[in-house]
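Reader: Can you walk me through this one? I'd like the overall picture, then the details.

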Amino acid sequence: MPTAVTHFKTNIYECLEALPKPTLDQLYKEPATCLAIFRLLPPLARQLVMSLLFTQPISPVNLTQSDLRLWVKNEEEALAKFHEALDKLSKLSIMTTDSSGYIQINSSFRERFQDCLTGGGDHQSFGVSCERPAKDKPDIAFLDRHAMKQWEEILHFMVGTESTRQPSAAVLKVVTRAKLMKEGKDKQLMITNKGFQFLLQDVNTQVWAFLIQYLDIADELLHMNVVEVLNFFFMLGSLELGMDYSVEALTPTQKQLLDDLANFGLAYRRKKGSSRYYPTRLATTLTSGNSAVVSSAVSSSTSTTTGDDGATEQGFIIVETNYKLYAYTESKLQISVLRLFCELQTRFANMVYALITRDSVRKALKHGITANQVLKNLFLTFILKIVYILIDFSY
């Protein structure tokens, strides 16, 4: 996974581990939340949970940490993963040790996760599907395009793409409070070092970073219940792509959340007052652990060409030792990122020609973009999967 943005939480683990135990207990009252958090656990932690889930309290088995250790190989790597799994489960209050030293599964988590796996309980944790079929129901391809359009509008705004419309108030609050952007001398928002590092993340990491920062805003400014907000995030991650769900089944807080998340590209509604909503791939892959699915589907415009067989080919950059740069791309977002540290000279149908000059580098440094980010992060892990090639004409 790409390096996390400094002092900016991009990992949901960090957010959950910082919550007090009573708040976690409240979270674990929703089966969808239990399933989502279970999916985010390391493989060995998931195995430990499943091994103990149905043994307590029906047929109590008193096991200590030493007993559990016998389940893994007596090898350094295996034991390291074992201790990591126990540490994760302990910090999330899923697995605790009682006064006698025996391992216990959190009762709220155990009961609701059992309901999730067996289909028990009377709840609407996984959304309520609309009973009547929708007229002109959007297909998955349309939802992918909607998600891509909404999310890339945020990225375009951050890199200063010309003629980009002003994003929603929620987006502005997130990018400014997270210090992804700051006001310049002309009172216009400009990207910061942290914002540039944010652009280098994969899409799944970007979305979680946005949601976690939104969570802080919801708590401090919008006075929303943190548990209800997190439960809604996890519920979206458990919904089925392409299905429509009823807005009427949502709480007032969730309805307000839905409006903002639709602006982020995580959901689609035909109009604000629509009685149904559709989760997009950005939402349904939040807890899948497979960010490549999001990247390949949502960032399809970031790949440069598509062959006759429908396979997407990656573009590439050629940088000469005289600082001339040739980027084979049609993406406006890629070109806007290049504009942050290059002077664009000519644009062709599938390529742009640019120069890396002293003034363009100085401009990047003023934005807080470091030389290390340009050289190591941009060319080697360019947000749009462009390969770096250096041609030396000094011979």
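Author: The protein exposes about 19,800 Å², and carbon and sulfur atoms supply 50% of that. Accessible areas come from the Shrake-Rupley method with a 1.4 Å probe, and for residues only the protein chains shown count as cover.

Reader: What kind of model is it, and how are residues numbered?

Author: This is a predicted model: local features need pLDDT of at least 70, side-chain atom pairs count only at pLDDT 80 or more, and totals for chains, interfaces and linings use all residues. Residues are numbered from 1 along each chain as its sequence is written, and side-chain values use heavy atoms, with hydrogens and water left out.

Reader: How many helices and strands?

Author: There are 18 helices and 14 strands. Both are DSSP runs numbered from the N terminus: helices are H or I with at least four residues, strands are E with at least two.

Reader: How much of the protein is buried?

Author: Buried residues make up 50% of the 395 residues. Buried means under 20% relative accessible area, exposed over 50%, partly exposed in between (1.4 Å probe, protein chains only).

Reader: Is helix α3 mostly covered or mostly open?

Author: Mostly covered. Nine of the 10 residues in α3 (residues 31-40) are buried, including Pro 31, Cys 34 and Phe 38.

Reader: What do they pack against?

Author: The buried residues of α3 pack against α1 (12-17), α2 (21-27), α4 (43-53), α7 (107-118) and α12 (226-238). Contact means heavy atoms within 4.5 Å.

Reader: New topic. How many salt bridges?

Author: The count comes to 11. A salt bridge here is a side-chain nitrogen of Lys or Arg within 4 Å of a carboxyl oxygen of Asp or Glu.

Reader: Which partner does Lys 21 meet?

Author: Asp 25, at 3.0 Å, N to O. Both lie in α2, four residues apart, about one turn of the helix. Lys 21 is partly exposed, at 42% relative accessibility.

Reader: How far apart in the chain are Arg 276 and Asp 244?

Author: Their side chains form a salt bridge at 2.4 Å, N to O. The pair links distant parts of the chain, 32 residues apart: Arg 276 is in strand β7 (residues 276-279), Asp 244 in the loop between α12 and β5 (245-246).

Reader: Are those two buried or exposed?

Author: Both Arg 276 and Asp 244 are buried.
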